Amino acid sequence: MKPRRAELSAGVIVGVHLAALAVWQVTCMLVDIPRYILPPPLDVIATLGLPKHDFAGNTLVTAAEIFGGYLLGIAIGVALAVLFTWSPVLMLLVMPLFVTLNMIPKVALGPLIVVWFSYGIVPNILVTFSICCFPILLTTARGLREVEPDLLDLVRSLRGSRWQLFRKIQLPGALPYVFSGMKVGAILAVAGATVGEFIASERGLGYLMIQVQSSLDTAAMLMALILLTVLGVILYGLVLGLERLVVVQDERVA
Amino acid sequence: MSAAGLRAVAAAGREPFIRLRSIRKVYRAAGQELLAVSDVTMTVDEGEMLSLVGPSGCGKTTVLKMLAGLLPPDGGEAVIGSAARPFDPGRDVGMVFQQPLLLKWRTVLENVLLPAEIIGLPIAPARERARELLRMVGLSGYETKYPHQLSGGMQQRAAIARALVHDPKLILMDEPFAALDALTREQMNLELLRIWSASGKTIVFVTHSIPEAVFLGTQCAVLTAGPARMADVFPIEIAYPRTIDIMTTPAFGAYTRRIYKQLGVATSTG
């Protein structure tokens, strides 16, 4: 029963998207909408063939920024959360600062990052990192803190070490929290890289959108938007797939 | 050896397994002292099932934590083990709580193995023993299942197997069946008596249910709240194996009435 249901739902997902595109196409054909306001989807897809936009190259640049910043965000977010769990003093001292830093609207860092790191992939990786690191750090730290007091007693009654508690109970117990932080982070990472490119880039899909905007090439803008969305879907899908591999699913919760 | 047999051996003039004398524990919070337990004096022989009964806040869990070596008493004397049966607090305690607290990312078998891993026992024999214990608690065939695939009662059986895996001399149970529905709870009481008699362990069983305390225990200690002290301790002389039928006997009624009185609950014959 189950695989048939999965196939069915996959079919529904594809069908709904194709139907939306069809409605869009037909609307553009029946109603007189200027092309610069809403070009039909076939025109949008046609822009892929225009070499001047270099969609392949720009997509690769943006993907590199998203994945680079995101992976850095996971690595540093999880590492800091683990560090805080092992050193409550450090957490006490540094956490208030981090909470304030988290309140900075990260996109507002763009102009500063241009000054500090100039244009290109690296500054955009940093913008992406800064926007997706905090939710991962905060949820992971929370997950590591949530140990049942009775379970703690069980380990202590057996003279278990701090390391055993961490390795056998805290870390695996925190994994679902890490993933919920990673899911929020994945969405933010795409936004971070895009805005970074609006401000400080000479390549990438965000940069391309700003470029073609001046010539009212709405079809190319929409194509860039679709590719950004696809990158986001791929990233989110990878996270979900990894979660399914690593985290034991509790059907009652899911 | 049957539990009754073990009790007979223990009673044959050897040192008791647990000796508590005038145990007292005080919690200090916000500059105030709060008496958690006092006047806990009793002896428990090896292989006994001691029921610790009382209302919320009477210090039952505190006594259990002191027995587990998690809290030092503030006064009195507590000795566990004897020259013949030495007690190592780091590996001779098995604990069962109100919630099963199984790790949801581990299979049932891996959950049962947790104490063995923490102590560092050789894993292959421990695995074999875990399988045997799962058979004993009625969970064979569920070794590779995850906790969420088990009912509450089955999860608690797995938790009992986990408490036994490192072959501890003392099992501490803190209201282990309080979260189960009434029928499952009575089944688990019967199961526990069977497991106890098969394993021969000394068990301290904390409960707020008076019938449960009488039904299970070889002896029963009654703790009261405000002031937190031990009010009574007495043997329950009803023969094992016990069945649900004993709950309607005059002796059972007399024991429960005795506890109700200690806890200030009015009874018709009071």
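## Basis

The model is predicted: local features require pLDDT of at least 70, side-chain atom pairs count only at pLDDT 80 or more, and totals for chains, interfaces and linings use all residues. Residues are numbered from 1 along each chain as its sequence is written, and chains are lettered from A and ligands numbered from 1 in the order in which they are written.

## Helices of chain A

Helix H8 (residues 162–199) of chain A spans only 46 Å between its end C-alpha atoms, whereas a straight helix of 38 residues would span 56 Å. The expected span is 1.5 Å times one less than the number of residues; helices are DSSP runs of H or I of at least four residues, and strands are runs of E of at least two. H8(A) has a kink of about 40° at A:Leu175, shortly before A:Pro176 (the angle between axes fitted to the seven residues ending there and the seven starting there).

Helices H3 (residues 55–86) and H6 (residues 121–145) of chain A pack at about 35°, with axes 6 Å apart; axes are lines fitted to C-alpha atoms, for helices over the stretch in contact, and angles run from 0 to 180 degrees between N-to-C directions.

## Sheet of chain B

Strand S1 (residues 18–29) and S2(B) share nine bridges, and B:Lys25 has B:Val37 in S2(B) as its bridge partner.

Technical notes: Pairing = 2+ DSSP bridges.
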